[in-house]
Amino acid sequence: MIEYSIPTEFKNAEDYNAYDYFAYKNGEPADRAKKIAADPSAMLEDFAEYFEDYKGLKIAAISDTDGSYAIPMVCMGAEVTIFGVFEDGKRYALKTAKAAGVSINYEVCDVLDMDERFFDSFDAVIIKRGTIHYFYDIETFFGNISKMLKTGGKLVCIDFHPFYKEGVCLVSKHRFSNIQRQLPEASEKRFALTDILQAVSLCGLKITSFDEETVTDELAAKTWACLTAERI
């Protein structure tokens with residue numbers, strides 16, 4: 001049985017009826033697959049400036065629970081393995097990939113307790129928005145990311161700007177209201193920017209770029225931290 005370093009109550013909250021949530025958010029796997037296959041590059045705008053081509057790359061997608069980035073990357077010629085902790089997310093992602101006519105690998109595991117068979121395996125590791133702050137030990141987290149990369153491999157991390165205090169995470173805020181009332185409270189930890197940069201620098205990765213981007217949506221302005229690094 002897997003022991004999760006992410007707090008158990010958070011895992012339970014995220015995994016609760018997650019398949020139905022993704023089907024509601026993205027559409028049923030067959031419908032989602034049609035959109036991805038029609039224009040996979042449109043799904044990868046966040047990563048456009050970091051990858052000239054995906055063909056032949058072996059990529060690890062950390063916590064890309066529903067395959068939003070992994071499946072388009074496979075459609076563009078990459079071999080992608082998702083590392084996530086939610087069985088329901090795996091079910092949705094695999095069905096979507098199959099409907100799109102491609103194959104992805106999906107490991108249900110904890111990055112903080114990474115199997116050594118994945119070390120020195122990937123040309124790139126991608127970390128999508130809203131991932132780092134669910135792992136309470138970022139030194140081990142980035143240490144394992146570094147080990148997963150081949151020498152010269154690239155980390156691309158796009159995540160929430162980390163100037164926040166630890167607090168309750170509203171994991172259910174976009175879910176159906178009747179389910180939201182049943183979910184347990186869960187928390188996430190927001191690290192200072194210096195904590196993250198130091199953790200990356202001390203684990204065998206050389207930071208190659210760091211940018212901040214503010215995006216305004218219908219709810220509020222959000223700032224993203226965009227970091228790239230190379231395994232030395």
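**Close-up views of cores and salt bridges**

At 47% relative accessibility, D120 counts as partly exposed, and this residue leads us into the first view of a predicted model.

**View 1. D120 pairs with R231 in a salt bridge.** The N-to-O distance here is 2.5 Å. D120 sits in the loop between β3 and β4 while R231 belongs to strand β9, so the pair ties together parts that are 111 residues apart in sequence. R231 counts as buried, at 18% relative accessibility.

**View 2. E107, D115 and R117 are linked in a network of salt bridges.** Within it, R117 bridges to E107, with the closest N and O atoms 3.4 Å apart. This pair links distant parts of the chain, R117 coming from the loop between β3 (105-108) and β4 and E107 from strand β3, 10 residues apart. R117 is exposed, at 54% relative accessible area, whereas E107 is partly exposed, at 22%.

View 3. D88 is buried, with a relative accessible area of 18%, but R91 is partly exposed at 38%.

**View 4. The largest nonpolar core has 30 residues.** Those with the most contacts inside it are F83, F141, F142 and L155. Elements giving two or more residues include β1 (58-62), β4 (122-127) and α6 (138-148); α6 gives the most, with 5 residues. Leaving aside residues up to four places away in sequence, F141 touches I62, V111, L112, I127, T131, I132 and F135.

Methods:
Residues numbered from 1 in each chain as written. Predicted model: local features only at pLDDT ≥ 70, side-chain atom pairs only at ≥ 80, totals over all residues. Heavy atoms only, no water. Core = buried A, V, L, I, M, F, W, Y, C linked by side-chain atoms within 4.5 Å. Buried < 20%, exposed > 50% of the residue type's maximum accessible area, 1.4 Å probe, protein only. Helix = DSSP H or I, 4+ residues; strand = E, 2+ residues; numbered from the N terminus. Contact = heavy atoms within 4.5 Å. Salt bridge = Lys/Arg side-chain N within 4 Å of Asp/Glu carboxyl O.
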